[in-house]
Amino acid sequence: MTSLVMGFSGAIMPGPLLTVTINESLRRGARVGPQIASGHALLELALVIAIFFGLGTYITLPSVKGTIGIVGGLFLFWMAYGILKESFHAVALDLSGKITEKGLSPWVAGITVTASNPYWFLWWATAGAGALMVAAGQGILGAISFYIGHVLSDYIWFMFVAFTVARGKRLFTPIVYRVVLGVCGLFLVGLASYFVYSGTSFLLLSKS
């Protein structure tokens, strides 16, 4: 559940993947939503596996876990600030219907747009890695559950966006969007506080 809500906090923010989903939905219909989300999910699966198997030993050290927790927490505070600030202002999404990546399938577009987004790498290097290692404390099933919950939020959000845009935007009102932003922003404040507290505890443990 935590990874699902945390995933929403990143998925709903305006960015290149959202823009591509809107544009492709206007061009091809609602079916592009799950296709773009699938391309995005494949790239995230590769990164989760790399973190869990390749970097797991290193980032289990108390000093490294502490650093990841604090940096990830501060990053989440910054994200929460941006989300809450956005929720208090009128939301203007680009629904102009510009055609992007004409020769790319929605799957490939999901992969390429994700890989070209530095915000995505920053999120996984800080907040994502910290949350994954907390889940990995329950073993590989914990890591799998975290990944499933995380990508499920992407599927739900981008399918909703694609369906709404393709059906004339009747459900996707500014008020609905602002309420979702506010809820996720408040959730991130609590999660960020937990990460900073846990990170500080790990750093104190590493020095004892």
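**Helices and contacts in a predicted model**

Modeller: Leaving aside neighbours within four places in sequence, serine 153 touches Leu4, Gly7 and Phe8. The structure is a predicted model.

Colleague: In which helix does serine 153 lie?

Modeller: The contacts of serine 153 outside its sequence neighbours include Leu4 and Phe8. Serine 153 itself belongs to a helix that spans residues 140–166, and that helix is H8.

Colleague: Does serine 153 count as buried or exposed?

Modeller: A residue counts as buried when its relative accessible area is under 20%. For serine 153 the relative accessibility is 0%, so the residue is buried.

Colleague: Is histidine 150 buried or exposed?

Modeller: Setting aside neighbours within four places in sequence, histidine 150 is in contact with Ser3, Gly7, Glu44, Trp123 and Trp124. The cut-off for buried is under 20% relative accessible area. Histidine 150 has 5%, and therefore it is buried.

Colleague: Which residues of H8 does H2 meet?

Modeller: The axes of H2, residues 16–28, and H8 come within 8 Å and cross at roughly 40 degrees. H2 passes H8 in a right-handed crossing. By class, the contact has 10 nonpolar, 2 polar and no charged residues. From H2 come Leu17, Leu18, Thr21, Ile22, Ser25 and Leu26, and they meet Trp157, Phe158, Val161, Ala162, Val165 and Ala166 in H8.

Colleague: H2 also has a contact with H6. Is H2 roughly parallel or antiparallel to H6?

Modeller: H6 covers residues 106–115, and the axes of H2 and H6 come within 10 Å and cross at roughly 160 degrees. Angles over 145 degrees count as roughly antiparallel. The crossing angle therefore makes H2 roughly antiparallel to H6.

Colleague: How many charged residues are in the contact of H2 with H6?

Modeller: H2 passes H6 in a right-handed crossing. H2 contributes Pro16, Leu17, Val20 and Arg28, while H6 contributes Pro106, Ala109, Gly110, Val113 and Thr114. These residues divide into 6 nonpolar, 2 polar and, for the charged class, 1.

Colleague: Is H5 roughly parallel or antiparallel to H9?

Modeller: H5 takes in residues 62–87 and H9 residues 174–207; their axes come within 7 Å and cross at roughly 160 degrees. The angle is what makes H5, relative to H9, roughly antiparallel.

Colleague: How many nonpolar residues does the contact of H5 with H9 have?

Modeller: H5 passes H9 in a left-handed crossing. By class, the contact has 13 polar and 3 charged residues, and its nonpolar residues number 19.

Colleague: Is tyrosine 81 buried or exposed?

Modeller: Tyrosine 81 lies in helix H5. Its C-alpha atom is separated by 7.2 Å from that of glycine 185, which is 104 residues away along the chain. The cut-off for exposed is over 50% relative accessible area. Tyrosine 81 has 54%, so it is exposed.

Colleague: How many helices does the chain have?

Modeller: Of the chain's 208 residues, 43% count as buried. Among contacts between residues at least 6 apart in sequence, 86% join residues at least 24 apart. The pattern along the sequence is α-α-α-α-α-α-α-α-α. With 0 strands, the secondary structure comes to a helix count of 9.

Conventions
Residues are numbered from 1 along each chain as its sequence is written. This is a predicted model: local features need pLDDT of at least 70, side-chain atom pairs count only at pLDDT 80 or more; totals for chains, interfaces and linings use all residues. Side-chain values use heavy atoms; hydrogens and water are left out. Axes are lines fitted to C-alpha atoms, for helices over the stretch in contact, and angles run from 0 to 180 degrees between N-to-C directions. Helices (H or I, at least four residues) and strands (E, at least two) are DSSP runs, numbered from the N terminus. Angles under 35 degrees count as roughly parallel, over 145 as roughly antiparallel, 65 to 115 as roughly perpendicular and the rest as oblique. A crossing is left-handed if the near helix is turned anticlockwise from the far one by less than a right angle, and right-handed if clockwise. Ala, Val, Leu, Ile, Met, Phe, Trp, Tyr, Cys and Pro count as nonpolar, Asp, Glu, Lys and Arg as charged, and the others, Gly among them, as polar. Buried means under 20% relative accessible area, exposed over 50%, partly exposed in between (1.4 Å probe, protein chains only). Contact means heavy atoms within 4.5 Å.
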